[in-house]
Amino acid sequence: MAIYMSKKKAKASKNVETKQPHFSDTILFKILYRIPAVIFLLILIFLWSSSTTIISGKFVHVCVSSRKLNNFYCLSAGTQPNFEIPIRVVNNTSISPNISASIKEVVDVVGDESDAIISHRVLNNDSDGEVAFAKKVVEKQLQVQRSWISSNKNSKASSSCDGRGIYVYDLPSKFSKDLVGQCGDMVPWTNFCKYFNNEAMGEPIAKLGKGWYQTHQYALELIFHTRALKHPCRVYNENEAKLFYVPFYGGLDILRWHFKNVSNDVKDTLALELVKWLENKKPWLQKSGKDHVFVLGKISWDFRRSRDASWGTRLLELDQMQNSMKLLIERQPWHINDIGVPHPTYFHPHSDDDIITWQLKIIRSNRENLVSFAGAARPGAPQNIRSILINQCNSDQSKCRFLNCTSGGCDQPEHVIELFMESEFCLQPPGDSPTRKSVFDSLVSGCIPVLFDPFTAYYQYPWHLPEDHSKYSVFIDQEEVRRGKVNVVETLMKVSQREREDIRRYIVYELLPGLVYGDSNSHFEKFQDAFSITINNLLERVSRIE
């Protein structure tokens, strides 16, 4: 049952009315009575604005209200901006993924296997040591996840379903369909229902051509579910299954509560009911959920609410959820079973020809801009480098073009994609969380992403991006930018034309097909899309579980 603040206030006022006036209340009333009405009004305005500012610094649902709320390109991925995310470790201490912060101690970070990745190391506030240590831990995790990559490299080799049955649970409607049915009331500033048309791809974008849709960044759960239902290896007998897919729309479950004043118990209700439902299923009990996968269309932190916080749910903190695999658009780097998969882009090809046609178009595109940035500043997050990048970009407009998302410049996806198609490099600083959907938009447009934080992509997507990051991106340390030691535009001018062309060809011909999700009836002979790569690697992973 939802608990609304207005109800509590009403009850409190009723109690006050039954009490006799207190002496101090009388004195306070006399003082306030003497304050002119205008001054009193100014005080109220000040208090209101101050509380809004305080909340904005902590809770994204207020913070985003200060932006153009109809601007989905700039919409938060669902985190609290400028905050430290606690990472649970064995001895109940915690560290933050903000590796510039002080990391005191990390104890027994253990993977799915029995071997400890690293244990009992104290860093003694050595900043360089902290960064190196944090990276080493994450890289160990990624090595394990890369070891699960399937040897099947083409669609035909992956089409055999012998011993590769996929069972899709038929969940009660409250875990999926009913959530979609709340699309009209999910967020206060728009009707989400339009994004769920065309099997969650959204409305077509005619200007960009065949296969382009106004896909929302949180549509992954529905897109994946639709594809899984039509997978040739789907089985209807659970005894024939190798992989079990639980189509819970956990991201939509979270999204509907982001902007409503409800208790944590209400937010956790559906997650707890799902776990209870699974515990009555034989396949779940047989291997304690190890051969089960969840696809969650928001970032990991949204499902890992700390006990004293109010943001998100505790779905991924539940003990019963620790063994299963979780596919997310942003993984929690210290959890081995959190696996990052690409954000949905606007491009959903149907066939090999659709991909080839697009590849030829963007490889031949006339790139008039050396650098571009589509985004918005983060005035409430002083450590964010976006304002610095915007200033550097605007100072040399002959080489850098800034598309301001706060003024509605990014409302139309075609404006963003066309900008990226006309640019050599696309700046991709962190936003409210490390990752950005825009990274994948730039890659699909043939624009070389410039990254400033390794957690934006390098430590996120081991199945879809190569270990050698220099093949597809340029990295500039955000600390160097923050300290004024680097001018990004000048740095990128030093990258030779030959280097740019080599990187772009790798992006377009090697990476692009595996970064996009084909439409629900897609058929590929030459390529594997993001969905096929993910399914094949999941099957490889569960084949090693005994």
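The protein chain exposes about 25000 Å², of which carbon and sulfur atoms supply 51%; accessible areas here come from the Shrake-Rupley method with a 1.4 Å probe, and for residues only the protein chains shown count as cover. The structure is a predicted model, in which local features need pLDDT of at least 70 and side-chain atom pairs count only at pLDDT 80 or more, while totals for chains, interfaces and linings use all residues. Residues are numbered from 1 along each chain as its sequence is written, and side-chain values use heavy atoms, with hydrogens and water left out.

Of the 546 residues of the protein chain, 54% count as buried, where buried means under 20% relative accessible area, exposed over 50%, and partly exposed in between (1.4 Å probe, protein chains only). The chain holds 20 helices and 17 strands; helices (H or I, at least four residues) and strands (E, at least two) are DSSP runs, numbered from the N terminus. Among contacts with a separation of 6 or more, 72% join residues 24 or more positions apart, a contact being heavy atoms within 4.5 Å.

Strand E13 (residues 369–375) pairs with E14 in the parallel sense over 5 bridges, and Gly 375 has Asn 404 in E14 as its bridge partner.

Helix H14 (residues 386–394) has Arg 386, Leu 389, Ile 390, Gln 392 and Cys 393 as its buried residues. Seen down the axis of H14, these fall within an arc of 165 degrees, so they line one face of the helix; the arc is that of the directions from the helix axis to the C-beta atoms. Their cover includes E13, E14, E15, helix H17 (478–482) and helix H18 (488–493).

Helix H13 (residues 352–363) can be checked for length. Its 12 residues should span 16 Å at 1.5 Å a residue, and its end C-alpha atoms are 17 Å apart, which agrees; the expected span is 1.5 Å times one less than the number of residues. Buried residues of H13 are Asp 352, Asp 354, Ile 355, Trp 358, Gln 359 and Ile 362. Viewed down the axis of H13, the buried residues fall within an arc of 160 degrees, so they line one face of the helix. On the other side of H13, Asp 353 and Thr 357 are exposed. The cover over the buried residues of H13 includes helix H15 (413–421), helix H16 (437–444) and helix H19 (497–511).

Two loop residues deserve a look as well. Pro 349, in the loop between strand E12 (338–340) and H13, counts as buried at 0% relative accessibility. Its C-alpha atom is separated by 7.8 Å from that of Trp 212, 137 residues apart along the chain. Not counting residues up to four places away in sequence, Pro 349 touches several residues, including Asp 354, Ile 355 and Tyr 517. Leu 515 sits in the loop between H19 and helix H20 (530–543) and is buried, with a relative accessible area of 0%. Leu 515 and Asp 441 are 74 residues apart in sequence and 9.6 Å apart in space, C-alpha to C-alpha.

Conventions
Pairing = 2+ DSSP bridges.
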